[in-house]
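Subject: Structure handover

Hi,

Here is the structure I promised to pass on.

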Amino acid sequence: MSRIGKNPIALPQGVEIKVDGNVVTVKGKLGELTEELTSGITVKVEDGTITVERPSESKEHRAKHGLYRALINNMIEGVSKGFTKELELVGVGYRASNQGQKLDLALGFSHNIILELAPEVKIETVSEKGKNPIVKLTSHDKQLVGQVAAKIRSFRKPEPYKGKGIKFVGEVLRRKAGKSA
């Protein structure tokens, strides 16, 4: 039995879940998310708890059991609390600003990188004097926030010698000793 898959999910106040065949729709104060279930996985909603069940012990069903339970849990958490990712720009002259849904990054290239973000993702840039600029991404969709954060990080990944680049806040980088060491 999947240890993650067999755990029931508690439904918080103000969150509605609707199971229509193999489509699960979750609605909350921050938005609405939909997920399509495959391979016979069933979702049961009973007085405030949600259980995910699989039809057999086949390899595919066991693999999808925990996956869909985690996806449904992330959907519920997303529409009730939301998800936030913070990226820090480490480097001299690295700047970030936003106008609406357009993120403007100065990362030491000959031109600025302008990224148009999806309307579901809220963006905020914080630039304090003497501190590294921080880009905050917030949304109800965990997958979308992670994908946008990974895309922004891919423009200038942190290098191992000085640590310059775009990193997640709290991320620990493996540093290397340079030639002088």
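Let's start with Lys-64, which sits in helix H1, residues 59-80 (helices are DSSP runs of H or I of at least four residues, strands are E runs of at least two, both numbered from the N terminus). Before going on: this is a predicted model, where local features need pLDDT of at least 70, side-chain atom pairs count only at pLDDT 80 or more, and totals for chains, interfaces and linings use all residues. Residues are numbered from 1 along each chain as its sequence is written, and side-chain values use heavy atoms, with hydrogens and water left out.

Lys-64 counts as partly exposed because its relative accessibility is 23% (buried is under 20% relative accessible area, exposed over 50%, partly exposed in between, with a 1.4 Å probe and protein chains only). Leaving aside neighbours within four places in sequence, Lys-64 is in contact with Thr-38, Ser-39 and Ile-41 (contact means heavy atoms within 4.5 Å).

Now the inside. The largest nonpolar core has 21 residues, and the members touching the most others are Leu-89, Leu-105, Leu-107, Val-135, Leu-137 and Ile-152 (such a core is a set of buried Ala, Val, Leu, Ile, Met, Phe, Trp, Tyr and Cys residues joined through side-chain atoms within 4.5 Å). Two or more residues each come from strands E7 (83-90), E9 (102-106), E10 (113-116) and E12 (134-139) and from helix H2 (142-154). H2 gives the largest share, 5 residues. There is also a second, separate core of 16 residues, including Val-15, Leu-33, Leu-37 and Met-75.

E12 is worth a look on screen. E12 runs antiparallel to E7, with 6 bridges joining them (strands pair if DSSP finds at least two bridges between them). E12 also pairs in the antiparallel sense with strand E11, residues 122-126, over 5 bridges. Ile-134 is the bridge partner of Glu-88 and also of Val-126.

Last, the pocket lining. Which residues line the largest pocket? They are Leu-33, Thr-34, Glu-35, Leu-71, Asn-74, Met-75, His-140, Asp-141, Lys-142 and Gln-143 (on a 1 Å grid over the protein atoms alone, a pocket is an open set of points where a 1.4 Å probe fits, with protein on both sides within 12 Å along at least five of seven lines; lining residues have an atom within 4 Å of a point). Strand E4 (31-36), H1 and H2 each give two or more residues to that lining.

Cheers
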